[in-house]
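Dear colleague,

I am handing over the structure below, and after it I set out what a computed survey of its atoms turned up. Please read the notes with the coordinates open beside them.

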Amino acid sequence: MPNIKDTHDPYNGYNFWVEWDGIVHAGFRECSGLTGTRTASLYREGTDKNLAQRQIPGLNSFGNISLKRGFTDNAELWEWHEKLLSGETERRNVSIILADDKGKEQIRWNLENCWPTNWNGPEFNATGSEVAIESLELVHEGITVD
């Protein structure tokens, strides 16, 4: 029978923050798209006795990161996106940090060479009571985990 002290409870998904250049820039409500994929390429040599194709590792690709937060007077996300609109690609290394319930950092995903590919402003509804949300979608060139 396993020792109950050897069990590891999973971390909750609500205690996270996002930083770049070593500074936490904004509290986000949602973060999604933390994915990595390696394609499989089909290959067969003419001398293979087996009449089947082999699968060999292909290129790595990474999903876009979607960040959502309550809209405030902090225009930092818009300004980063606006630089791209004027032709200046400013790449930043971004980290997504997951903390335990006590706020202690547990896992850090480091995203390399990020830049915004999409910015969405809030939606408005005069009969609603929802918080105005802005979102930023980032592309990146790789993930490392600390």
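**Strand β8 and its residues**

Asn118 lies in strand β8, where a strand is a DSSP run of E over at least two residues, a helix is a run of H or I over at least four, and both are numbered from the N terminus. This is a predicted model, in which local features need pLDDT of at least 70 and side-chain atom pairs count only at pLDDT 80 or more, while totals for chains, interfaces and linings use all residues. Residues are numbered from 1 along each chain as its sequence is written, and side-chain values use heavy atoms, with hydrogens and water left out.

Asn118 has a relative accessible area of 30% and is therefore partly exposed, given that buried means under 20%, exposed over 50% and partly exposed in between, with a 1.4 Å probe and protein chains only. From C-alpha to C-alpha, Asn118 is 9.9 Å from Asn64, although 54 residues separate the two in sequence. Strand β8, which covers residues 105–120, also holds Asn113, a residue that is not a glycine and yet has a positive phi of about 55 degrees; its relative accessibility is 30%, so Asn113 counts as partly exposed.

Asp21 sits in the loop between β1 (16–20) and β2 (23–26), and with a relative accessible area of 59% Asp21 is exposed.

**Overall form**

The chain contains 1 helix and 10 strands, and from the N terminus on its elements run β-β-β-β-β-β-α-β-β-β-β. Its radius of gyration is 21 Å, well over the 15 Å that the globule rule gives for 146 residues, so the chain is more spread out than a compact globule; the radius is taken over C-alpha atoms, and the rule is 2.2 Å times the number of residues to the power 0.38. The C-alpha trace spans about 70 × 55 × 35 Å along its principal axes, and 27% of the 146 residues count as buried.

**Cysteines and a buried arginine**

Cys31 is partly exposed at 26% relative accessibility, while Cys114 is buried at 0%.

Arg69, in strand β6 (residues 65–70), is buried with a relative accessible area of 5%. A polar atom of the Arg69 side chain lies 2.8 Å from the backbone oxygen of Asn74.

**The largest pocket**

The largest pocket holds about 300 Å³ of space. A pocket here is an open set of points on a 1 Å grid over the protein atoms alone, where a 1.4 Å probe fits, with protein on both sides within 12 Å along at least five of seven lines, and lining residues have an atom within 4 Å of a point. The pocket is lined by 16 residues, of which Pro122, Glu123, Val131, Ala132 and Ile133 are the closest to its centre. Strand β9 (residues 133–139) supplies the largest share of the lining, 3 residues. By class, the lining has 5 nonpolar, 6 polar and 5 charged residues, with Asp, Glu, Lys and Arg taken as charged, Ala, Val, Leu, Ile, Met, Phe, Trp, Tyr, Cys and Pro as nonpolar, and the others, Gly among them, as polar.

With best regards

Conventions:
Points joined across faces, edges and corners; volume = space filled by probe spheres on them. Polar contact = N/O pair within 3.5 Å; in protein donor to acceptor, adjacent residues only side chain to side chain.
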